Amino acid sequence: MSKKINWKKEAISWGLMIAIFGTLYLTGWHTPVMGKIQSWFLATHIFTPSIEEEHKTPFNFDGILITPEGERIAYSELKDKTIFINYWATWCPPCLGEMPHIEKLYLQLKDNPDVVFLMVSKDSEFNKAIKFKAKKEYELPIFQELKSPTQLQSQILPTTFVIKNEKIAFRKEGMSNFNTEDFKNFLIEN
C-alpha cells in the first residue's frame, strides 16, 4: 500500500526550512549558529583528541607571529615551551564550535609558564578576529602569522598542533574538544 503524499504540507515544510536557513544565511547568523550546534556536540566528549597518535617530527621554529597590538613574536622565542597552536577563522563553524572548550583549557593552564597557547587567525582581515575575541570576551591570545613554519601547513580549519621538546608531538585536523583531563596532562607533562 503506498502512502499518499500531502503536497500542501510538504510545500509548507520545505518553505519553512528554506525560510529559516535563508534568513540565517542572509543575516550572517549561519556561522555562529552552526558553531554553537557543533560546540554542543563537542560538549558530549564524542570528539576528543587521540593523544596516542603522537608525532615526533623535529620542528623548525622559522615562523613569525604578530599580536593584536602589532608586537612581533618569533616562534624561536618559544623553543623551551610546550606550544598549543590552533589555526582558526571567524567564518569557520567548527572553529567557533571548539573555541569555548579551548578557552576553558586555556583558563586552567594560563598561569603555567611552560605552556603557551597560540590561536592563529586565518581571517584575511585580522581585525575581524580581534573584534570576535572582544565580543566573546575570550582571554585566549590570538595572533596572525607574518611567516608560517612550513611544517604547520594545512588546508583544513581548524587544525591544531602541539610542539613539545622542539618536536611536533601532536597534530589534529578538524574540530575536537581539547578540554579533557588526558589532554591537559599531555600538555603539562614533559
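## Sheet and helix 4

Angles between axes run from 0 to 180 degrees and are taken between N-to-C directions, with each axis being a line fitted to C-alpha atoms, for helices over the stretch in contact. In this predicted model, helix 4 runs at about 165° to strand 6 (142-147). Helix 4 lies across strand 2 (64-66), strand 4 and strand 5 as well as strand 6.

The eight strands form an open sheet with mixed pairing, in the order 1-8-7-4-5-6-2-3. Strand 1 (57-58) and strand 3 (72-74) are the edge strands, each pairing on one side only. Strand 4 and strand 7 are joined by five bridges in the antiparallel sense, and Tyr-87 stands opposite Thr-159 in strand 7.

## Nonpolar cores

The largest nonpolar core comprises 28 residues; Phe-84, Trp-88, Phe-117 and Met-119 are among those with the most contacts inside it. Contributors of at least two residues each include strand 4 (82-88), strand 5 (115-121) and helix 5 (181-188). Helix 3 gives the most to this core, seven residues.

Beyond its neighbours within four places in sequence, Phe-117 is in contact with residues including Phe-84, Ile-102, Leu-140 and Leu-187. A second, separate core has 17 residues, among them Phe-59, Leu-78, Tyr-87 and Val-116.

## Thr-160

Thr-160 belongs to strand 7 (residues 159-164). This residue counts as buried because its relative accessibility is 0%. The side chains of Thr-160 and Asn-86 are joined by a polar contact of 2.7 Å. Leaving aside neighbours within four places in sequence, the contacts of Thr-160 also include Phe-84, Glu-98, Phe-170 and Phe-178.

Methods. Residues are numbered from 1 along each chain as its sequence is written. This is a predicted model: local features need pLDDT of at least 70, side-chain atom pairs count only at pLDDT 80 or more; totals for chains, interfaces and linings use all residues. Side-chain values use heavy atoms; hydrogens and water are left out. A nonpolar core is a set of buried Ala, Val, Leu, Ile, Met, Phe, Trp, Tyr and Cys residues joined through side-chain atoms within 4.5 Å. Buried means under 20% relative accessible area, exposed over 50%, partly exposed in between (1.4 Å probe, protein chains only). Helices (H or I, at least four residues) and strands (E, at least two) are DSSP runs, numbered from the N terminus. Contact means heavy atoms within 4.5 Å. A polar contact is a pair of N or O atoms within 3.5 Å; within protein, one must be able to donate a hydrogen and the other to accept it, and residues adjacent in sequence count only if both atoms are side-chain atoms. Two strands pair if DSSP finds at least two bridges between them.
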